[in-house]
Amino acid sequence: MERIFSGVQPSGVLHIGNYLGAIKNWVNLQNDHQCIFCVVDLHAITVSQDPKELLKKTVEVAKIYLAAGIDPKKSTIFVQSHVKEHAELAWILNTITKIPELERMTQFKDKAKDGKKEASMGLFDYPVLMAADILLYKTVGVPVGEDQVQHIELTRDLAQRFNNKFGEIFTVPKALVRKEGARIMGLDDPIKKMSKSAASQYNYISLTDSPDDVREKIKKAVTDSGKEIVFSQDKPALANLLTIYSLLGGQTIKDIEAKYKDKGYADFKKDLAEVVVEFLEPFQEKYNALDDNEVLEILREGAKKAQVIASQTMSEVKKAVGLIE
Ligand code: AQP
């Protein structure tokens, strides 16, 4: 079976963008692929995190994986920092990465505010650590949202560069991006992607938001000028809300447009809130029923399984590069 790898940072509470862009796809893939899903805590600390919160969020993200339908009997679930080979391979890949390649990364440019003066070396190197995550497991496919495609391109380049220089060790992976939901936009700013570390909570709908929070956030979501409920690229706010409605409610955009032909934004938004609440209810029931200690045990077992593959790859890499083991 082809190997799949992906991860999410425990940098906030996961939102419906993370679910629709990535995790939903993981659940389908685990039936006919060998899947490895990671909580990427080393990536999260590339920007400042409160240590107590980070610990809490790391377990929360794992619980979200499980509540969304990732089955630990089918897939390996673990925490990135539990498998030391991620950091080890990142160092080796650093030695074949060129500085301008990282300077081009749009995520770095977006996150390194204040003229990059406050940005850490870790934030700059984020894509190399991500390449290490993927290449360690000789991954074939990486299910991600659209924002991560540039990082996967760099991963492919590094794999090819390494293989050309030191011999065929790495599999060259490809990004698996869903057609719909690959880029869910912020509710308060439909030009930028929904983001869990956005300044305002009105940017995102968290997977753990209460029904009242969902209703309030959708009520406050920005809309475009005009009255008609139609999907159009020049109405980005409405297009985003229609996409969320369609994906979480299981109806086509055409059907939703027809349903609201003679209705306005208020009716549309009221119903959309209920669609989101109905999606979240069973998810949150499963999430709340999970026991933290059992989840920690799943993560420890997952790390053991991941380490078997990771240490084998590192051994090949060290030999190829000329490092004594
Ligand atoms: N808005 C989005 N629409 C679709 N997919 C998205 N993803 C993130 N935002 C959207 C996908 O979710 C996965 C996990 O993301 P991540 O936590 O590793 O980092 P990120 O892409 O930087 O996500 P956030 O929510 O914006 O987090 P912060 O604010 O902490 O940086 C990835 O597959 C991503 O593509």
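How far from an oxygen atom of the ligand does a backbone N or O atom of glycine 145 lie? The distance is 2.8 Å. This briefing concerns a predicted model, in which local features need pLDDT of at least 70, side-chain atom pairs count only at pLDDT 80 or more, and totals for chains, interfaces and linings use all residues. Residues are numbered from 1 along each chain as its sequence is written, and side-chain values use heavy atoms, with hydrogens and water left out.

**Ligand surroundings**

- The ligand is surrounded by 25 residues, the closest being Lys111, Asp147, Ser195, Lys196 and Ser197; a residue counts as near if one of its heavy atoms lies within 4 Å of the molecule.
- By class, this shell holds 7 nonpolar, 13 polar and 5 charged residues, where Ala, Val, Leu, Ile, Met, Phe, Trp, Tyr, Cys and Pro count as nonpolar, Asp, Glu, Lys and Arg as charged, and the others, Gly among them, as polar.
- Elements that each supply at least two residues of the shell are β1 (3-8), α1 (16-29) and α6 (106-111); helices (H or I, at least four residues) and strands (E, at least two) are DSSP runs, numbered from the N terminus.
- Helix α1 provides the largest share of the shell, 4 residues.

- A polar side-chain atom of glutamine 9 is placed 3.1 Å from an oxygen atom of the ligand, and a polar side-chain atom of serine 197 lies 2.3 Å from an oxygen atom of the ligand; the cut-off for a polar contact is a pair of N or O atoms within 3.5 Å.
- On its own the ligand has 640 Å² of accessible area, of which the protein covers 97%; such areas come from the Shrake-Rupley method with a 1.4 Å probe.

**Second largest pocket**

- The second largest pocket contains about 390 Å³ of space. A pocket is defined on a 1 Å grid over the protein atoms alone, as an open set of points where a 1.4 Å probe fits, with protein on both sides within 12 Å along at least five of seven lines, and lining residues have an atom within 4 Å of a point.
- Its lining comprises 20 residues, and Arg183, Phe231, Gln233, Ala239 and Thr243 are the closest to its centre.
- Helix α10 (residues 236-249) gives the largest share of this lining, 6 residues.
- The lining of the second largest pocket divides into 9 nonpolar, 6 polar and 5 charged residues.

**Individual residues**

- Serine 246 is part of helix α10 and is buried, with a relative accessible area of 14%; buried means under 20%, exposed over 50%, and partly exposed in between (1.4 Å probe, protein chains only).
- Serine 246 and glycine 181, 65 residues apart in sequence, have C-alpha atoms 9.7 Å apart.
- Glutamine 107 belongs to helix α6 and is buried at 12% relative accessible area; its C-alpha is 8.9 Å from that of histidine 151, 44 residues away in sequence.
- Tyrosine 19, in helix α1, is buried at 11% relative accessible area; 46 residues separate tyrosine 19 from tyrosine 65 in sequence, with 9.3 Å between their C-alpha atoms.
- Lysine 138 sits in the loop between α7 (121-136) and β4 (141-143) and is partly exposed, with a relative accessible area of 23%.
- Although not a glycine, lysine 138 has a positive phi of about 50°. Most residues other than glycine have a negative phi.

Definitions and conventions
Points joined across faces, edges and corners; volume = space filled by probe spheres on them. Polar contact = N/O pair within 3.5 Å; in protein donor to acceptor, adjacent residues only side chain to side chain.
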